[in-house]
Amino acid sequence: MRLAALTRAYRRRAPGEPRAIGYLYILPALIVYAVFLLYPFGQSVWLSFVNWDGLTVATPAGFDNYRALFTDASLRAPFLHALLLLLFYAALPVAIGLLLAAVMSRARVRGMTFFRTVLFLPQVLALIVVGVAWRSILAPDGLLNDALRAVGLGGLARPWLGDYTWALPAVGVVGTWVGTGLCMVLFLAGAQRIPRELYEAARMDGAGPLREFRTVTLPGLRPQIAVALTLTIVAGLRNFDLIYITTGGGPGNATSVPAYEVYHRAFETNQVGSAAAVGVALTVLIFVLTVTVSRLVEGRRA
Amino acid sequence: MTTRLERNVTYGILALFTVIALTPVIGILTTAFGAQNSLDTGFSLPKDGLHWSNFADAWSRGHFGTYLGNSVLVTVVVVAATTVLAILAGYAFGVMRFPGSTVLFHLFVIGLTLPQEALIVPLYFDLRHAELTDSYWALILPQTAQSLAFGVFWMRTYFRGSARAVIEAARIDGANTWTTLWRVLVPMGRPAISTMVVITFMWTWNEFLMALVMVSDEAHRTVPLGLAFFQGRHSSDAALLAAASVLIALPVVVVYVALQRRFIEGMLGGAVKE
């Protein structure tokens, strides 16, 4: 028995040598992944070059669907909104998170597990549920307006999600609520890992809180900042659920975003080619932004 | 040494953000126990006792019993399929060398940032053509494919980090690649696997767009889709809407509170480059 095992082991290839059996292990996953993800994406690219209403025969469109992204105001607007929303979905959470990490990096906190659990909670709730909760807060007789009236600012109260000017920032604030906890948890964990000695050394050099932040905290958190920006940007641009449940893109198209426009065009107004072009453009935008983030934030580490 | 002031500021800030994070959650909870048919669409506090009947109404009148059943079925199958397939593929990518493995692995990684919106349109027409829309398959297969991007990435990281010595020892003992995987590496990798399981569970349970596009009949609705339609019909009934929201969020929140480390690790880990 033992001998047989030894001879078998002997005949086996050396470790690290190429093994064809690897393909067999990958095959099941690859088939599902290729058929239901890669192939449809390829079809999206193809569809983006045709005009199709989903029923009759598709006709070639050349680059028309892509040209329309720049020339058609109703297609430019969603992308503009998405970029504006990134201020709320990515920039603001990261800024708030950094500010807090800066203030809190000096103190040891008791009950951190509790705070972390609560702050991260918005990330695990279904966005549909988040949308229902915030619709209620932002409703004409919702919590926000009640609070404004209670402190004598009733003049500012308005139907936030139905207001042409305020609907977009209102939806943005919901995104800030979702993303801030993630950034805080990331940065707090990162700040704990910055060696205490660096802070002590900075203080010995007479650095104030501001310079300490700039020279110790910020460089120390660079990897976490890259992760936070990547996650919030990707989530912010994939943002369909929240828009669908809170505003449906309205009023008018004041809160329409590319993710919503894909659905709207493909399944409500039968502009399948155009919808595919929006989806592909959104993909390109996500890739460009995430690559830029990793270049800017991580690459500067000389 | 930190001063008392610094400590108080720290706790003050944490408390403030805890309140902000919890306000919508607690608002929904209190509203869910409030009276039905109040004209208030905002949050409310239960005035005359807790109305547990809201949950029963949402369950039966809102058909959330059926929707929860559908969600459980879809989620269980997606999580099981993703786990098995991701372990197999992650194992090969992690410990074996073969031509093209890098390229193939990067194909999976692309899926981490590829937005659903970029493939859902053709996917719908393909599945409709195959007469699979309005079936559980239309929810299970695409969501398994999407979860695999994270699953394969995550499991490969685990297998890469697992000790070479262990694999070698198993090999010398005569174990082939298959037994090494299931007898040695999978039992050792329970933490990594459970992280993947909870993340996939949460994503699948919360998934909305796929269900919205693929399902038009009520029999196959999952809970998020059910809630969206429920809001359309009962938007004036804040109590029922809130009760339904609680029913949907509860399973994920319970698992999250129990295993929050796994959740946070998994959700932050997906973006960490090598």
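## Checking the labels

Me: How much of residues 103-124 of chain B is helix, and how far apart are the end C-alpha atoms?

Reply: The span is 59% helix and 0% strand, and its end C-alpha atoms lie 28 Å apart. Helices here are DSSP runs of H or I with at least four residues, strands are E runs of at least two, and both are numbered from the N terminus. Bear in mind that this is a predicted model: local features need pLDDT of at least 70, side-chain atom pairs count only at pLDDT 80 or more, and totals for chains, interfaces and linings use all residues. Residues are numbered from 1 along each chain as its sequence is written, while chains are lettered from A and ligands numbered from 1 in the order in which they are written.

Me: What makes residues 103-124 of chain B part of a "transmembrane region"?

Reply: That label comes from an unreviewed UniProt entry, which also lists residues 67-91 of chain B, among others. UniProt positions are given in the numbering used here, feature names are shortened, and annotations may be inferred rather than shown by experiment. For residues 67-91 of chain B, the model gives 100% helix and 0% strand, with the end C-alpha atoms 36 Å apart. Chain A has such annotations too, including residues 21-42 and 166-189. Residues 21-42 of chain A are 100% helix, with ends 28 Å apart, and residues 166-189 of chain A are 96% helix, with ends 35 Å apart.

Me: Why are helix 9 and helix 12 of chain B called roughly antiparallel?

Reply: They pack at about 165°, with their axes 10 Å apart. Axes are lines fitted to C-alpha atoms, for helices over the stretch in contact, and angles run from 0 to 180 degrees between N-to-C directions. Over 145 degrees counts as roughly antiparallel (under 35 is roughly parallel, 65 to 115 roughly perpendicular, the rest oblique), so the pair is roughly antiparallel.

Me: Which residues meet where helix 9 of chain B touches helix 12 of chain B?

Reply: Val198(B), Phe201(B), Met202(B), Trp205(B) and Asn206(B) from helix 9 meet Pro251(B), Val252(B) and Val255(B) from helix 12. Contact means that the C-beta atoms, placed from the backbone, lie within 7 Å. By class that makes 7 nonpolar, 1 polar and no charged residues. Nonpolar covers Ala, Val, Leu, Ile, Met, Phe, Trp, Tyr, Cys and Pro; charged covers Asp, Glu, Lys and Arg; the others, Gly among them, are polar.

Me: How do you know whether Ala242(B) is buried or exposed?

Reply: Count the C-beta neighbours: Ala242(B) has 26 inside 10 Å. A residue is buried with 20 or more other C-beta atoms within 10 Å of its own, exposed with 12 or fewer, and partly exposed in between (C-beta atoms placed from the backbone). Ala242(B) therefore counts as buried. It sits in helix 12 of chain B and, leaving aside neighbours within four places in sequence, is in contact with Ile28(B), Thr31(B) and Ala32(B).

Me: And what is Asn270(A) by that count, and why?

Reply: Asn270(A) has 14 C-beta neighbours inside 10 Å, so it is partly exposed. It lies in the loop between helix 13 and helix 14 of chain A, and has a positive phi of about 55° although it is not a glycine.

Me: What makes helix 13 of chain A "mostly covered"?

Reply: In that helix, 8 of its 10 residues are buried. Those buried residues, including Tyr260(A) and Arg265(A), pack against helices 4, 12 and 14 of chain A together with helix 5 of chain B.

Notes
Contact = placed C-beta atoms within 7 Å.
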